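Visitor: I would like to learn how to read the features of a structure. Please take me through them one by one.

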Amino acid sequence: MTGILLAVTIAAAGLLGSLLSGLVTDELRARLDRFPHALIRMAARRLPEVQREDWQEEWARELTEILEGTDALPLTRFLRGLDYGVGLALRSGAVARELTDAPRPGALRYALAVLAGLGGLLGCAGWAGFPTSVMWRDSYWGMLAGNVISLASGIGLIALAFWLGALRLARCGGTPRAAAALAIVVCGVFNDVSAGIEWPGSGLSNVYCVLFCTFGIGAVMAGLASLTRRMGGRFLWPCVAVLVVNPAATTAIMMRFPDPAGVLAGAGIQVLSGAALATAAIIGWRKARRHQAGKPEFSHNVRWLDL
Amino acid sequence: MPQVRVTMAVAQVLAAFLVDPSRPCYGYDLMRRTGVRSGKLYPILARLERAGWLIREREDAPADGRPPRRRYRLSPEGNAAARAEVAPLRERTAWPRPRLEGGGL
């Protein structure tokens with residue numbers, strides 16, 4: 001009797017397992033398919049507005065053919081779709097130039113873009129100087145340097161956003177908004193990487209690490225929400241302001257008050273800033289979903305204009 | 001009409017059209033046939049269309065319910081220009097033929 005029960009249980013578990021794996025595969029497949037479509041929407045943003053919809057439609061339909069074609073194998077189709085999307089995302093500026101007869105960017109513009117890019121990288125690294133400076137919290141000059149570097153880098157990041165956008169060389173849409181969103185994502189990642197330097201430490205130190213990481217998580221959410229156009233424009237620039245003010249305010253408080261009150265207050269600012277950024281991302285996300293609800297769908301399960 | 005600079009990639013795309021000039025081609029088909037990737041192909045197609053060598057059109061709605069795609073075909077001027085541009089390139093890139101004295105093989 002026990003043997004029969006065991007066999008039935010194994011059979012039921014196997015059936016349930018195969019059913020679940022099928023569902024998971026379908027879910028993964030549908031979600032993976034959205035990624036190349038998002039790249040195409042990103043690429044189309046660099047085209048002249050009057051022709052944008054037409055070209056986006058053409059690319060989206062070709063991509064549908066790649067992803068749903070008769071010879072589409074599960075992994076191959078995704079890789080081909082990804083290659084198609086990445087190629088367009090990287091080179092849609094060239095299509096825009098052909099459509100508008102705009103001149104190729106000269107050597108000076110490329111040099112400026114490279115300088116802006118290097119400045120941005122330095123800015124991100126400098127911005128991460130704040131959490132790193134927590135390690136120097138016994139040194140007055142270390143804290144001061146962290147404060148100044150963070151503030152200067154925050155301002156530098158906004159400048160970078162405008163530079164890349166103005167030069168139309170930013171890879172995600174070529175607008176200051178997109179470049180700023182990208183800068184927020186990079187800063188969030190830098191924040192969490194540098195905050196995690198102290199992990200694993202003593203029990204309290206680990207708690208601080210987690211609290212400091214909340215800001216980076218919020219920043220990544222806000223940046224991604226803006227990059228995928230889920231966040232309204234009104235949220236983006238306040239988010240950038242939070243990014244600039246946060247390290248300066250946190251460092252100032254930590255310098256003013258001694259350990260542990262100062263560090264706790266600093267961590268509190270990080271958590272509040274992270275929560276504000278995450279809330280902005282979620283509100284923007286929900287608004288965008290409501291806005292998208294009325295848009296037509298052009299293909300089986302692929303939305304036309306947004307994820 | 002803007003001048004077309006025929007690079008090797010442009011020549012590859014034109015050669016794909018010249019295989020059967022009356023037959024329209026889709027973007028993805030051109031990618032497969034020429035090996036030119038999307039980031040390079042679409043600027044070329046946009047350039048050729050602006051120069052009047054290609055005509056971009058929407059296909060009739062397919063019977064299987066899929067959304068109609070855009071396709072490209074050579075215009076009469078494009079056909080003539082493509083032949084004129086691709087032929088010398090073919091000549092230059094072809095293997096040299098052995099020349100035998102006194103005719104022979």
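Guide: Start with the elements. Helices (H or I, at least four residues) and strands (E, at least two) are DSSP runs, numbered from the N terminus. L16(A), for one, is found in helix α1 (residues 2–44) of chain A. This is a predicted model, where local features need pLDDT of at least 70, side-chain atom pairs count only at pLDDT 80 or more, and totals for chains, interfaces and linings use all residues. Residues are numbered from 1 along each chain as its sequence is written, chains are lettered from A and ligands numbered from 1 in the order in which they are written, and side-chain values use heavy atoms, leaving out hydrogens and water.

Visitor: How many helices and strands are there in chain B?

Guide: Chain B has 4 helices and 2 strands. Their order from the N terminus is α-α-α-β-β-α.

Visitor: Is L16(A) buried or exposed?

Guide: Buried means under 20% relative accessible area, exposed over 50%, and partly exposed in between (1.4 Å probe, protein chains only). L16(A) has 53% relative accessibility, so it counts as exposed. In chain B, 46% of the 105 residues count as buried.

Visitor: Which residues of α2(B) are buried?

Guide: Helix α2 (residues 27–34) of chain B is mostly covered, with 6 of its 8 residues buried. They are G27(B), Y28(B), D29(B), L30(B), M31(B) and T34(B). G35(B) follows α2(B), and its phi is positive, near 80°.

Visitor: Now the rings. How many aromatic pairs are there over all chains?

Guide: Rings of Phe, Tyr and Trp (its six-membered ring) pair if their centres lie within 6.5 Å; planes under 30 degrees apart count as stacked, over 60 as edge-to-face and the rest as tilted. A search of the whole structure gives 4 aromatic pairs over all chains. One of them is W55(A) with Y42(B), edge-to-face, at 6.4 Å centre to centre and 85° between the planes. This pair crosses between chains, from helix α2 (residues 49–68) of chain A to helix α3 (residues 38–50) of chain B.

Visitor: Why is the pair of W59(A) and Y42(B) called edge-to-face?

Guide: Their planes are at 70° and their centres 5.8 Å apart, so the pair is edge-to-face. W59(A) lies in helix α2 of chain A and Y42(B) in helix α3 of chain B, so two chains are joined here too. W59(A) is buried, at 0% relative accessibility. Y42(B) is also buried, with a relative accessible area of 0%. Ring pairs link W55(A), W59(A), Y84(A) and Y42(B) into a cluster.

Visitor: Which salt bridge do E57(A) and R61(A) illustrate?

Guide: Their side chains meet at 3.1 Å, N to O. E57(A) and R61(A) are 4 residues apart in helix α2 of chain A, so about one helical turn separates them. Both E57(A) and R61(A) are buried.

Note on methods: A salt bridge is a side-chain nitrogen of Lys or Arg within 4 Å of a carboxyl oxygen of Asp or Glu.
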